Amino acid sequence: MTTVVIIVAVVLVAALALFLVRGQKTGGRGLRRRFGPEYDRTVARHDGDTKAAEHELAERVKLHGSLSERPLSPEAREAYARRWAEVRERFIDSPRDAVVEADALLAQLARDRGFPDGDSFEEQTAALSVHHAEQVDGYRRVHTAVRGQGGTEEMRKALIEARALFDVLLADSPDEPVHAGRHEAKGSASA
């Protein structure tokens with residue numbers, strides 16, 4: 001009888017250890033899958049320390065994972081689309097002013113959708129990365145360009161990349177397609 005109890009205890013401890021080890025691996029893979037390129041960027045920022053990066057990403061999920069995006073009214077949606085078209089048109093004559101406006105527009109749109117206020121860029125992008133990890137880097141690039149880092153070509157690329165976040169925030173849900181005709185400036189093929 002004692003031998004059976006010992007064997008059962010050893011099997012349970014081994015099963016628990018296996019569960020914990022697999023849970024840790026899945027956590028990393030789960031974070032990598034959830035955050036995509038944001039995972040790699042965070043690992044790089046932590047000098048390759050995946051444990052520190054995964055801790056940071058897990059904290060972001062804990063802080064912002066339950067955030068529920070607020071819907072926009074059709075009027076607000078149209079106003080944002082119109083303002084983005086104006087940003088794109090302004091880029092031709094004044095790239096820096098257009099990028100500054102795009103940065104402010106993205107901050108305001110994110111705030112209106114329920115993300116933390118754009119006054120704290122780091123907090124806002126952390127929250128955005130939890131829900132829109134594939135698109136948030138374009139916003140970072142625009143924000144960097146506002147600080148005067150990069151020439152016209154870098155600003156153009158940043159604006160194009162930021163468009164992905166703009167589109168997903170403008171949609172009712174992340175899966176809703178954004179109709180190009182409704183959100184494009186006439187005659188323009190960029191951003």
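Reply: Start with a definition. A polar contact is a pair of N or O atoms within 3.5 Å; within protein, one must be able to donate a hydrogen and the other to accept it, and residues adjacent in sequence count only if both atoms are side-chain atoms. This is a predicted model, where local features need pLDDT of at least 70, side-chain atom pairs count only at pLDDT 80 or more, and totals for chains, interfaces and linings use all residues. Residues are numbered from 1 along each chain as its sequence is written, and side-chain values use heavy atoms, leaving out hydrogens and water.

Now take Thr42. Its side chain reaches the backbone oxygen of Glu38 at 2.8 Å. Thr42 sits in helix α2, residues 37–45 (a helix is a DSSP run of H or I, at least four residues, numbered from the N terminus). Thr42 has 0% relative accessibility, so it counts as buried (under 20% relative accessible area, with a 1.4 Å probe and protein chains only). Beyond its neighbours within four places in sequence, Thr42 is in contact with Ala53, Glu56, Leu57 and Arg60 (contact means heavy atoms within 4.5 Å).

Next, the rings. The structure holds two aromatic pairs (rings of Phe, Tyr and Trp, its six-membered ring, with centres within 6.5 Å; planes under 30 degrees apart are stacked, over 60 edge-to-face, the rest tilted). Trp84 and Phe166 are stacked, 4.5 Å centre to centre, with 20 degrees between the planes. Trp84 is in helix α4 and Phe166 in helix α8, so this pair ties together parts 82 residues apart in sequence. Trp84 is buried at 0% relative accessibility. Phe166 is buried at 0% too. The rings of Phe121 and Tyr139 have centres 5.0 Å apart and planes at 75 degrees, so that pair is edge-to-face. Phe121 in helix α6 and Tyr139 in helix α7 are 18 residues apart.

How values were computed. Helix = DSSP H or I, 4+ residues; strand = E, 2+ residues; numbered from the N terminus. Buried < 20%, exposed > 50% of the residue type's maximum accessible area, 1.4 Å probe, protein only.
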